[in-house]
Amino acid sequence: MKKRDDVYAYLYGGNVYINLTNRCCNNCEFCLRNTGDGVGGSVLWLNREPTAEETVAAAGKLITPETKEMVFCGYGEPTYRVDEMVEVAKFAHSKGLKTRLNTNGLGSRINGCDITDKLVGNIDTVSVSLNEANAQAYDRVCHSIYGADAFEEMKKFAAACSAKGINTVMSVVDIIGEDAVKECEKIAKKCGAKLRVRRYEKKW
Ligand code: SF4
């Protein structure tokens, strides 16, 4: 049986999404990976992580004059591949696209060093999943391998991105409740980030 081809780039909502890795240090209760194989008809499990060149080749085929943004999202945490992501982001900018990183905010911990300098000038918007209003609640939902440290690490990352001039957004879903959302507003403000509150939509 022919092995299916890996999807390194795919279209979603008119943007080009990049799938560099399936690795993740969290195991969130709500992760799409627990309930499916991909997004919008694309199977996103990888047989092998792509090189930057392979990713650029795949992404390049999807860009049209209407494409506005390239999003590093993946079926995993993109910052495991920070160097490749930066290479692909440079390509996106050369094509006139904006770049966005959707992240759990643990990239500096994953890489064992502050990666935010690498993002400056290459990633226009960083969207960090805040998810919850405190470390205990975060751990209950996200089950990070970094345990109780993860929440602080994530906030530190968002604050560093914001301090370095990157448009930084922290996101939560309204299912956490009004009080928690209010607390998250304070956290985002303290990190110098905007808060995006998404409406809960049951998908399964
Ligand atoms: S951080 Fe993202 S990829 Fe990782 S488990 Fe959570 S939802 Fe899934």
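Predicted model: local features only at pLDDT ≥ 70, side-chain atom pairs only at ≥ 80, totals over all residues.
1. On to the inside of the protein. The largest nonpolar core has 54 residues, and those with the most contacts inside it are Ile 18, Met 70, Phe 72, Leu 119, Val 126 and Met 170. Helix H2 (residues 82-94) gives the largest share of this core, seven residues. Apart from it lies another core, of seven residues, including Tyr 10, Leu 44, Val 71 and Tyr 75.

2. Have a look at Met 70. Leaving aside neighbours within four places in sequence, Met 70 touches, among others, Val 16, Ile 18, Ala 59 and Ile 63, as well as Val 88, Phe 91 and Ala 92. Its contacts also include Lys 98, Thr 99 and Arg 100.

3. The Thr 99 side chain has a polar contact of 3.4 Å with the side chain of His 93. Beyond its neighbours within four places in sequence, Thr 99 is in contact with residues including Glu 69, Phe 72, Asn 122, Ile 123 and Asp 124.

4. Now the charges: a search of the whole structure finds twelve salt bridges. One of them joins Glu 49 and Arg 23, with the closest N and O atoms 2.9 Å apart. These partners are 26 residues apart, with Glu 49 in the loop between strand S4 (42-43) and helix H1 (52-60) and Arg 23 in the loop between strand S2 (15-18) and strand S3 (38-39). Both are partly exposed, Glu 49 at 26% and Arg 23 at 38%.

5. Glu 84 and Arg 81 also meet in a salt bridge (3.2 Å, N to O). Here Glu 84 is partly exposed at 25%, whereas Arg 81 is buried at 8%.

6. A further salt bridge, Asp 117 to Lys 164, comes in at 3.0 Å, N to O. Asp 117 lies in helix H4 (residues 116-119) and Lys 164 in the loop between helix H6 (149-163) and strand S8 (167-173), so the pair ties together parts 47 residues apart in sequence. Asp 117 is exposed at 53%, while Lys 164 is partly exposed at 30%.

Notes:
Residues numbered from 1 in each chain as written. Heavy atoms only, no water. Core = buried A, V, L, I, M, F, W, Y, C linked by side-chain atoms within 4.5 Å. Buried < 20%, exposed > 50% of the residue type's maximum accessible area, 1.4 Å probe, protein only. Helix = DSSP H or I, 4+ residues; strand = E, 2+ residues; numbered from the N terminus. Contact = heavy atoms within 4.5 Å. Polar contact = N/O pair within 3.5 Å; in protein donor to acceptor, adjacent residues only side chain to side chain. Salt bridge = Lys/Arg side-chain N within 4 Å of Asp/Glu carboxyl O.
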